Amino acid sequence: MERFTENAVSIIKKIPCGRVMTYGQIARLAGSPRGARQVVRILHSMSKKHRLPWHRVINSKGEIGLREEEGVFIQKMALEEEGVRFYKDNKVSLKEYQFHPDEDSSY
């Protein structure tokens, strides 16, 4: 596994219940500030194998990034079960729910 991929997987695994991170944020912390699309691919291809909490990763607008209706429903339900509240359909407040491991000394 490439270093960026290892880093991204490690970061995603550590997103706490009830919190979210963005694709770009994960890419930046994993060592590739322009690697948001790579994070999408990692989630798509490795979520089951590495038991990643894929539902805790959203886009930079605070929205669910999936396009298929069923996937959006599943992700929204999983986040709501963790206490994340949505407004404007499929959007969450990044100010309230975004996890910042680079600011958390226990990370």
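This passage describes the fold of one protein chain and then the surroundings of several of its residues.

The structure is a predicted model, in which local features require a pLDDT of at least 70 and side-chain atom pairs count only at pLDDT 80 or more, while totals for chains, interfaces and linings use all residues. Residues are numbered from 1 along each chain as its sequence is written, and side-chain values use heavy atoms, with hydrogens and water left out.

The protein chain contains five helices and two strands, where helices (H or I, at least four residues) and strands (E, at least two) are DSSP runs numbered from the N terminus. Along the sequence these elements follow the pattern α-β-α-α-β-α-α. The C-alpha trace of the protein chain spans about 35 × 30 × 25 Å along its principal axes. For 107 residues, a compact globule would have a radius of gyration near 13 Å, and the 13 Å of the protein chain agrees with this; the radius is taken over C-alpha atoms, and the globule rule is 2.2 Å times the number of residues to the power 0.38.

Of the 107 residues in the protein chain, 41% are buried, a term that means under 20% relative accessible area, whereas exposed means over 50% and partly exposed lies in between (1.4 Å probe, protein chains only). The accessible surface of the protein chain comes to about 7000 Å², and 47% of this surface belongs to carbon and sulfur atoms; the areas come from the Shrake-Rupley method with a 1.4 Å probe, and for residues only the protein chains shown count as cover. Among the contacts (heavy atoms within 4.5 Å) with a separation of 6 or more, 58% are between residues 24 or more positions apart. The protein chain carries 19 positive and 14 negative side chains, and the centres of the two sets lie 5 Å apart. In this count Lys and Arg are positive and Asp and Glu negative, while His and the chain ends are not counted, and the place of a charge is taken as NZ of Lys, CZ of Arg, CG of Asp or CD of Glu.

Helix H2, which covers residues 23–30, has Tyr23, Gln25, Ile26, Ala27 and Ala30 as its buried residues. These buried residues pack against helix H1 (3–13), strand S1 (21–22), helix H3 (36–50) and strand S2 (57–58). After H2 comes Gly31, with a positive phi near 110°. A positive phi is also found at Arg51, where the value is about 55° although the residue is not a glycine. In general, most residues other than glycine have a negative phi. Arg51 is placed in the loop between H3 and S2, and with a relative accessible area of 75% Arg51 is exposed.

Gln98, in the segment after helix H5 (94–97), is buried with a relative accessible area of 14%. The side chain of Gln98 makes a polar contact of 2.9 Å with the side chain of Gln25, a polar contact being a pair of N or O atoms within 3.5 Å, of which, within protein, one must be able to donate a hydrogen and the other to accept it, and residues adjacent in sequence count only if both atoms are side-chain atoms. When residues up to four places away in sequence are not counted, Gln98 touches Arg19, Val20, Thr22, Gln25 and Ser93.

Asp102 likewise belongs to the segment after H5 and is partly exposed, at 45% relative accessible area. Its C-alpha atom is 7.9 Å from that of Leu29, although Asp102 and Leu29 are 73 residues apart in sequence, and beyond its neighbours within four places Asp102 is in contact with Arg28 and Leu29. Arg3 of helix H1 is exposed at 60% relative accessibility, and the C-alpha atoms of Arg3 and Ala30, 27 residues apart in sequence, are 8.3 Å apart in space. Glu2, in the segment before H1, is exposed as well, at 59%; its C-alpha atom is separated by 23 Å from that of Ile58, 56 residues away along the chain.

In helix H3, Ser47 is buried, with a relative accessibility of 12%. The side chain of Ser47 reaches the backbone oxygen of Leu43 at 2.5 Å, and apart from neighbours within four places in sequence, Ser47 is in contact with Ile42, Leu52 and Trp54.
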